[in-house]
Amino acid sequence: MTDDRLLVAAVLGQVPGAFRTLVERFQKLVWHLVFRMVPDTEHTRDLCQEVFLRVHRQLHQFRFDSSLGTWVGRIAFNVASRHLRRRALPMDDEADLTEIVLERDGREFDLAAACADAELLKKMHATIEGLPPLQRGVLVLHYLEEKSICEITEITGMPEGTIKSHLFRARARLRQQLGTPEDLHT
Amino acid sequence: MTHDEDGAGRYVLHAIRSLPVPAPPADFARQMEILVQDLPEDAATEQWLLRIAAGAGLAFGVATVAPWLAASMTSLAVTLGPVPWRLLTVLAAGLTAFAVVDRFVLRHSLDTLK
């Protein structure tokens, strides 16, 4: 947090190179999140630019209630969400969670065989791309950016239970793609 | 064993973590810095404060100078004696007429010639 304070003070004090350092520190997070929520490479760059312009414009309002990364992530999430809303794209779908839960089974799964199957991995990636934007965003924050549920709550402004539900539904859908162990060997 | 600790759960996590993610362009941070430097400073609040301060200064100045100005004008009128209002009015009307002719009639004629 002290590091955050130094960086924020440097940017607000217009120290040369300070804003560049801020962008370099958080560009991966912003890029990951925006790209996963709005999988349109044409817009990703523009939206990421918009995120950092907002960060620069609103930095004096940052009160250190959270980490700087969480605050930047919240702006990125809001920019991506607003883009989806403007284009009337659904953020989430109303999948029947009960149905997904019922499809869970306790059968054996050959992890080694699955890891060796490049086609399966490709299929899994395609499934992730097919998830609703909100679930993709939450997955990225939790598993790629390694944010805690609490941090994701702050970034998205959604309750903890909702975040957990999105994570569970996303993982459940991916498990559905794996099929049965027999399917993996055929 | 929880749902995600079994083989399938671990594979799901592996699939998520192996997602290809395009990296930002190498010069993205530098370009952002340039973009921010080129942006006009958002000084709306400061501008309003400046306007309020200027207005307050003007009001204070008028309030301070008004009594002195009134006294000076009275003494000036006494010093100059009666003013030839008719002559001043004719002069003002003449100057206004010249200004109108210069501004509208002559310029319109020049524009027509172009």
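Predicted model: local features only at pLDDT ≥ 70, side-chain atom pairs only at ≥ 80, totals over all residues.
1. The side chains of D3(A) and R25(A) form a salt bridge with an N to O distance of 3.2 Å. A network of salt bridges links D3(A), D4(A) and R25(A).

2. The pair E145(A) and K28(A). A salt bridge joins E145(A) to K28(A), and the closest N and O atoms lie 3.7 Å apart. Here too the pair links distant parts of the chain, 117 residues apart: E145(A) sits in the loop between helix 8 and helix 9 (149–156) of chain A, while K28(A) is in helix 2 of chain A. Is E145(A) buried or exposed? With a relative accessible area of 15%, E145(A) is buried, since the limit for that class is under 20%. K28(A), by contrast, has a relative accessible area of 46% and is therefore partly exposed.

3. The pair E50(A) and R54(A). E50(A) and R54(A) also form a salt bridge, with 3.6 Å between the closest N and O atoms. Both residues lie in helix 3 (residues 41–58) of chain A, where they are four residues apart, or about one turn of the helix. The two partners fall on either side of the 20% cut-off for burial. E50(A) counts as partly exposed because its relative accessibility is 23%, whereas R54(A), at a relative accessible area of 18%, is buried.

4. Packing of helix 2 and helix 8. Two packed helices are described by the angle between their axes and the distance between the axes. For helix 2 (residues 18–37) and helix 8 (residues 133–144) of chain A, the angle is about 150 degrees and the axes are 8 Å apart. Why are these helices described as roughly antiparallel? Angles over 145 degrees are placed in that class, and helix 2 and helix 8 of chain A are therefore roughly antiparallel to each other. Their crossing is right-handed.

5. Residues of the helix 2 and helix 8 contact. Helix 2 of chain A contributes L29(A), H32(A), L33(A), R36(A) and M37(A), which meet P133(A), R136(A), G137(A), V140(A), L141(A) and L144(A) of helix 8 of chain A. By class, the residues of this contact comprise seven nonpolar, two polar and two charged.

6. The surroundings of H83(A). H83(A) is located in helix 4 (residues 68–86) of chain A. Its relative accessibility is 11%, so H83(A) counts as buried. Which residues are in contact with H83(A), leaving aside neighbours within four places in sequence? They are V38(A), H43(A) and L47(A).

7. The chain as a whole. Chain A contains eleven helices and zero strands. Of the 186 residues in chain A, 49% are buried. Among contacts in chain A with a separation of 6 or more, 70% are accounted for by residues 24 or more positions apart.

Technical notes
Residues numbered from 1 in each chain as written. Chains lettered and ligands numbered in written order. Heavy atoms only, no water. Helix = DSSP H or I, 4+ residues; strand = E, 2+ residues; numbered from the N terminus. Buried < 20%, exposed > 50% of the residue type's maximum accessible area, 1.4 Å probe, protein only. Contact = heavy atoms within 4.5 Å. Axes fitted to C-alpha atoms, helices over the stretch in contact; angles between N-to-C directions. Parallel < 35°, antiparallel > 145°, perpendicular 65-115°, else oblique. Left-handed = near helix turned anticlockwise from the far one by under 90°. Nonpolar A, V, L, I, M, F, W, Y, C, P; charged D, E, K, R; others polar. Salt bridge = Lys/Arg side-chain N within 4 Å of Asp/Glu carboxyl O.
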